[in-house]
Amino acid sequence: DALEMYALAIKEASAVEKRILELSAKAGEESKKEMEADLIAPLYANRCMCYMKLEQLQDAHFDAENACRFAPDWPKAKYRLGQCLSALDRHAEAAQAYWDGYQLDPKQAGASAMLKLFKSSVAMGKRQAKAEKEKEKHNKPKSGIVAYDHKVPVEVPVPGSNELKTLNLYFNDDEAPPEIAGRFIRENNLDPSLLARIAHHVHTVIQQQDA
């Protein structure tokens with residue numbers, strides 16, 4: 001089926017790539033660059049497409065980056081990179097890739113399509129940024145006050161005396177006792193040696209709440 005065909009193509013591409021790299025290593029610098037642009041870059045671009053068909057997006061992105069590295073002036077390499085970044089929901093970066101590809105040759109056959117993808121990615125990037133901003137705004141506590149799931153009174157020694165004072169310790173359900181104790185000590189300028197005792201106290205409180 002198609003999945004097996006793409007897997008076979010990738011396997012064969014890897015073997016060809018190795019041979020090309022061996023040949024380019026023996027060539028002069030000028031010939032090497034030519035070989036990289038004419039042979040190696042298309043190999044990566046084509047394997048990138050295979051990976052995308054297999055929905056292996058990270059591998060596809062790796063190959064697209066290599067295609068651009070070996071052929072920085074090849075619009076198709078930028079196009080493949082834009083495709084990968086779009087699939088990864090990195091629309092602002094995709095827009096930049098499409099724009100770079102368009103600028104390399106505005107008169108190329110696929111220039112209008114590249115420009116259209118650029119505009120589409122810009123719009124999607126703006127919507128994505130707006131959504132993230134709204135989410136951040138929604139999750140941001142009002143008046144700078146952090147909301148916690150629990151509040152526990154803790155007795156701590158008063159510096160320079162034998163007295164104790166009670167302070168409120170706040171924490172969330174997804175925090176570990178050492179993390180909670182460390183923050184409590186930092187916020188209240190307490191002796192770091194209290195960390196183990198306070199962490200144990202928090203652990204006991206959590207166990208009692210879960211019982």
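A crossing of two helices is termed left-handed if the near helix is turned anticlockwise from the far one by less than a right angle, and right-handed if clockwise. Helices are DSSP runs of H or I with at least four residues, numbered from the N terminus. The model is predicted, so local features need pLDDT of at least 70 and side-chain atom pairs count only at pLDDT 80 or more, while totals for chains, interfaces and linings use all residues. Residues are numbered from 1 along each chain as its sequence is written, and side-chain values use heavy atoms, with hydrogens and water left out.

The crossing of α4 and α5 is left-handed. Helix α4 (residues 75-87) packs on helix α5 (residues 91-104) at an angle of about 165 degrees, the axes lying 8 Å apart; axes are lines fitted to C-alpha atoms over the stretch in contact, and angles run from 0 to 180 degrees between N-to-C directions. Helix α4 is therefore roughly antiparallel to α5 (under 35 degrees counts as roughly parallel, over 145 as roughly antiparallel, 65 to 115 as roughly perpendicular and the rest as oblique). In contact (heavy atoms within 4.5 Å), residues of α4 including Tyr79, Leu81 and Leu85 meet residues of α5 including Ala94, Ala97 and Leu104.

Helix α7 (residues 177-187) and helix α8 (residues 195-210) pack at about 125 degrees, with axes 8 Å apart. This angle makes α7 oblique to α8, and the crossing is right-handed. Among the contacting residues are Pro177, Ile180 and Phe184 of α7 and Leu195, Ile198 and Val202 of α8.

Conventions
Helices (H or I, at least four residues) and strands (E, at least two) are DSSP runs, numbered from the N terminus.
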